[in-house]
Amino acid sequence: MFVLRGTVVTMRPDGAVLHGGAVYVGDDGLIAAVTPVDAVPPGFGNAPRIAAGGLIFPGLIDLHSHLMYNSLPLWTEPSRTVPWTSHNQWGRAPTYSAQISQPARLLGAAAGRALLRYVETRAIIGGTTSIQGNPRGAVPPDNDLIRNVDSEKLGTAEDFIRVSTLVAESKEALAPYAAAVAAGRGFIAHSAEGSDPKLRSEFRLLAEVGVVTPQLVAIHGGALNAEDFAALKAGNSSLVWSPFSNLWLYGATADVRAAQAAGVRLCLGSDWGPSGTRNVLWELKVADLWNKAHSVFTDEELARMVTANPGDALTEVWPHPVGRLERGALADLVVVRRSPGSPYRSLIEATETDVRLVVVGGRARYGLRSMMQPLAPSATAIRVGRLSRAIDYGDPAITWTNVVADLEMVRKDPDGASARVAAFTLDGEVDPADAFVLLPDMPAPELEDDLTARAATPGPVTIPPLEPLTTGPSWFDAVDANPFHDGLLSGLREYAG
């Protein structure tokens with residue numbers, strides 16, 4: 001247990017911000033108390049007291065990602081001169097398999113644990129404590145660093161949430177999900193991704209099978225209109241907005257103005273490396289850029305899209321509150337440097353260099369070495385840009401250097417990696433006793449109709465250099481080169497300072 005002292009931005013409905021406040025973190029991984037003064041609750045008399053030196057927020061929640069692909073660079077299809085209109089199109093683009101599917105699949109098969117640690121690290125340095133998008137095949141998942149929404153059990157044997165990444169096209173395909181929702185499970189589903197109005201049929205199908213309920217988290221909703229948002233509101237469902245990916249691929253994004261007017265609970269998601277941001281902290285900046293052009297949200301409402309709103313969506317099925325700093329909530333916290341303006345503006349404008357501490361389930365996982373030392377003395381060093389930080393992978397033998405080395409071994413010798421994968425693959429099926437293998441959850445045209453048929457990758461594979469942890473000039477240059485967003489995303493460079 002420990003006490004974190006500073007300015008506490010609770011994200012509660014009343015918008016309370018406690019200057020000179022304290023968050024009391026219990027050994028059970030829950031928040032024991034949040035006080036405006038240092039009124040010590042029972043049992044905390046000898047607990048370590050840590051000065052935050054910044055703003056204490058709930059940990060950020062990323063409700064849409066595809067973790068397996070987050071070592072890859074931004075992708076564009078050279079032959080494409082106009083934006084796509086549907087998610088059904090780009091998965092068959094000429095360069096998609098070679099540049100996205102095959103590299104990710106080989107890394108996931110040959111260095112699954114390292115890949116998962118890499119992408120979780122990329123998330124946590126941006127303040128993320130929970131993320132959706134667990135790669136398939138890792139059972140049980142390596143969940144040491146941050147919570148994975150898809151498979152988080154919160155110390156129980158419960159399976160709280162079902163996920164549909166590839167859109168179900170019939171009532172029969174949705175029947176298992178409908179049964180799960182009826183039993184109280186959550187359901188996270190891609191729906192209406194793109195600009196083609198015909199994609200609305202995907203959402204109508206969800207409504208027809210009865211899953212538009214408080215447990216539904218719909219992802220993208222790019223083609224939805226006011227009628228659909230009214231249905232989402234009536235069901236008290238949530239919508240995840242991924243504006244960068246939408247603008248990158250389709251040149252348009254969800255009509256969040258109409259969604260906000262309808263009262264829909266809005267959340268943010270970073271999507272994936274090939275068409276998304278480094279982490280949800282940067283997706284918050286994309287939302288801010290969009291908002292500067294359209295004036296729909298307050299800064300507080302934007303901050304809620306990565307804290308209280310996704311937290312409320314998860315609390316529909318999780319046994320403990322999350323996304324707010326209050327007694328009994330999960331002790332998932334992030335401390336960011338305070339900048340001029342409101343606390344919410346500080347979060348919106350913060351970059352990885354401004355993240356001072358990240359706590360998951362009451363355990364310090366990443367942050368300044370001076371803050372990590374009393375809370376996680378076995379944490380190891382990691383360089384984040386030009387800065388030195390400390391990270392706790394749960395085992396001092398695991399270091400960031402080791403993680404990168406394991407991935408680089410595959411990248412530099414893909415043929416050898418493919419041969420090693422073949423050695424622990426039996427008749428095209430992975431032997432789980434021999435390897436920790438991640439399987440794709442996105443289109444893999446080289447596997448035709450069966451995404452799980454093989455872990456090994458046929459033919460030569462080129463794996464691009466690993467993306468840096470922090471967002472830098474080369475990434476901004478790639479953003480500038482894509483014409484589909486009409487220059488809106490180029491404004492992200494300004495947040496880097």
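Reader: Which residues are exposed on the other side of α3?

Author: On that side E172, P176 and A182 are exposed, a word kept for over 50% relative accessible area, with buried meaning under 20% and partly exposed in between (1.4 Å probe, protein chains only). This is a predicted model, in which local features need pLDDT of at least 70, side-chain atom pairs count only at pLDDT 80 or more, and totals for chains, interfaces and linings use all residues. Residues are numbered from 1 along each chain as its sequence is written, and side-chain values use heavy atoms, leaving out hydrogens and water.

Reader: What makes L174, A178, A180 and V181 buried residues of one side of α3?

Author: In helix α3, which runs over residues 171-182, L174, A178, A180 and V181 are buried. They cover an arc of only 160° around the axis, which puts them on the same side of α3; the arc is that of the directions from the helix axis to the C-beta atoms. What covers them includes β8 (161-164), β9 (186-191) and α4 (200-208).

Reader: Why is A350 called buried?

Author: A350 has a relative accessible area of 1%, and the limit for buried is under 20%, so the word applies to A350. A350 lies in the loop between α11 (343-349) and β14 (355-360).

Reader: How do you know what A350 touches?

Author: Contact means heavy atoms within 4.5 Å, and, not counting residues up to four places away in sequence, A350 touches L281 and K285.

Key
Helix = DSSP H or I, 4+ residues; strand = E, 2+ residues; numbered from the N terminus.
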